[in-house]
Amino acid sequence: MNIHAHRLYAVSPAGHWVEAYPIGCGRLGAMIFGRPWQEKLCLNEDTLWSGVPGYKTVDSFYENYLKTRSLLDEKRYADANDFASSCMNNSDSACYQPAGDLHLDFALSCDKEKYRNYRRILDFQNACCTTEFILEGAEKRTCFASFPDSVLVLRIQSERERSCRIYFTSSMEGESGVSGRTVLFDGFMPYFNRYGKIIEKSGAGERGLHYCMACRVIACDGKVLEEKEEGGRASLSLQNFKDCVLVVAIRSNFKDYKTKPSESRVDPFRLVEQDLASAEEKGYECLLERHIKDHQRLYERSVLDFPEIENDKLPTVQRIKLCQENQDPDGKNCRSLAALLYHYGRYLTIASSRTGTQPTNLQGIWNNMKEPPWGCNYTTNINLEMNYWQVESADLPECGEPLFRMIQELSENGRMAAKDLYHADGWCTHHNSDIWRFCSPATGWCGYSLWPMAGAWMCRHLMEHFRYNPEDVEFLKEVYPILCGSAEFLLSILRVRREDGLMDTCPSSSPENCFFDPV
């Protein structure tokens, strides 16, 4: 097997977030920078969204829907477009939020200009990110996200004694603390966050989701000391160690898409402590073994392999550059990169969508911005579906479970949308959604917002799963009411045209597509 088709390889640390390497276990995610002088992990947890649950209606929608139809029948397309865009979409989905960053500051024992023999590898086969370099002795860092144990794990091994300071930062409101060998951050998601408007809590004092992230030193051959800086930031000081192991846990008080955070009774601190204690009891070698076994059970089901060529050994960025510059006359380098892309896609699917987690959003689970592009939400007029195109053909059906569960939940909220907005049977949802299963038209141009076909498109994934697994009749029985509900909606909004007796849906649009009116 050509191992170079199963790894990303760099010879320098990440300078920016997009250059860092992603790890994940469906629920937890991190971007690893691999900096010798200050390791940085940008952290995510899949339930960390702004907002609170609650169906969002659109005032006078049905009346305006009929008026838009009338304008279209009169061939006043521009007027219909302007009218629908101005009054038929006045709410938005929530925004996926970052948990924060974990910093390991080696500034006191590391000159960032003097390291050499640097290499950083993201290995898809064992789902581990390793950083190796020499700085007055060899050093290796290994990081992975464990699905069976619900933690991130980082091990640092060095030939010479090292010292570092460990602390959290976050763009969310909250406070840091330290206790024994554990540093933590206690924070809140915004009550509202979209289009440049951030509200941390409602006028009545209601807050968004409550969460906790914590890092515990479960093994260290040096000293571990508590520290408290001016301004209140808490940290751990690791002194004179050669080998240490850290585990990171993150939990929120999210219960389900219907329950307000203030009513969930879920204790994120208790869940975090359980995750940390269980990981500490197992120890590093057991955590690593369980992680690799679980990951490879999925990853090894499929392979695309080409014979190794010399260019395969180059850093990934250089391999891509050679293709971009057409320095690949026989196509072998591009062919090898195609295999790399295929396996990277499978790796990201496994890392961001596992049984019981939330589905993969616009950026997987990896987001470092409080106001990310498009809210880092579920864009259901193409992007969400694209994330799951390969789960059946690549033999990863378990990774589709979060999407199937989301469709079920959307079908419940979507019944209100179908009845309230369209006076229709069945269920529907539009082009944006979130953890609260938002299903109304979102603010924006009607060419994408006034499009209630997302439910029907997502139902295709349910049927594709059954076609790949025709023996699973129980699955078909479970999803049949969802399929029927979507069909009922489509039949309800069909109307007979006066001029020819044919049936159509009006108004209708092809997402983000338009035409020129010749008039």
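Which side chain meets that of Glu 464 in a salt bridge? The side chain of Arg 460 does, at 3.8 Å from N to O, where a salt bridge is a side-chain nitrogen of Lys or Arg within 4 Å of a carboxyl oxygen of Asp or Glu. This is a predicted model, in which local features need pLDDT of at least 70 and side-chain atom pairs count only at pLDDT 80 or more, while totals for chains, interfaces and linings use all residues. Residues are numbered from 1 along each chain as its sequence is written, and side-chain values use heavy atoms, with hydrogens and water left out.

**Salt bridges**

- The structure holds 38 salt bridges, and the one between Glu 464 and Arg 460 lies in helix H10 (residues 454-468), where the two are separated by about one helical turn because they are four residues apart; helices here are DSSP runs of H or I with at least four residues, numbered from the N terminus together with strands (E, at least two).
- Glu 464 is buried, with a relative accessible area of 16%, given that buried means under 20% relative accessible area, exposed over 50% and partly exposed in between, with a 1.4 Å probe and protein chains only.
- The side chains of Arg 495 and Asp 504 meet in a salt bridge of 2.8 Å, N to O, and both of these residues, Arg 495 and Asp 504, are buried.
- Asp 504 also forms a salt bridge with Arg 497, at 4.0 Å from N to O; Asp 504 has a relative accessible area of 15%, whereas Arg 497 is partly exposed at 24%.
- Salt bridges that share partners join Asp 73, Arg 495, Arg 497, Glu 499, Asp 500 and Asp 504 into one network.

**Helices H5 and H6**

- The axes of helix H5 (residues 316-324) and helix H6 (residues 332-352) come within 9 Å and cross at roughly 130°, with axes being lines fitted to C-alpha atoms, for helices over the stretch in contact, and angles running from 0 to 180 degrees between N-to-C directions.
- H5 and H6 are therefore oblique to each other, since angles under 35 degrees count as roughly parallel, over 145 as roughly antiparallel, 65 to 115 as roughly perpendicular and the rest as oblique.
- The contact (heavy atoms within 4.5 Å) involves residues including Thr 316, Arg 319 and Ile 320 of H5 and Asn 333, Cys 334 and Leu 337 of H6.
- By class, this contact of H5 with H6 has six nonpolar, three polar and one charged residues, where Ala, Val, Leu, Ile, Met, Phe, Trp, Tyr, Cys and Pro count as nonpolar, Asp, Glu, Lys and Arg as charged, and the others, Gly among them, as polar.
- Ile 320, in helix H5, counts as partly exposed at 38% relative accessibility, and its C-alpha atom is separated by 7.6 Å from that of Leu 337, 17 residues apart along the chain.

**Helices H8 and H10**

- The axes of helix H8 (residues 401-422) and H10 come within 10 Å and cross at roughly 130°, and H8 and H10 are therefore oblique to each other.
- Leu 403, Phe 404, Ile 407 and Leu 410 of H8 make the contact with Met 458, His 461, Leu 462 and His 465 of H10, which by class amounts to six nonpolar, two polar and no charged residues.

**Thr 68 in helix H1**

- Thr 68 is found in helix H1 (residues 61-73) and is buried, with a relative accessible area of 2%.
- Not counting residues up to four places away in sequence, Thr 68 touches Ala 80, Phe 83, Ala 84, Met 88 and Pro 507.
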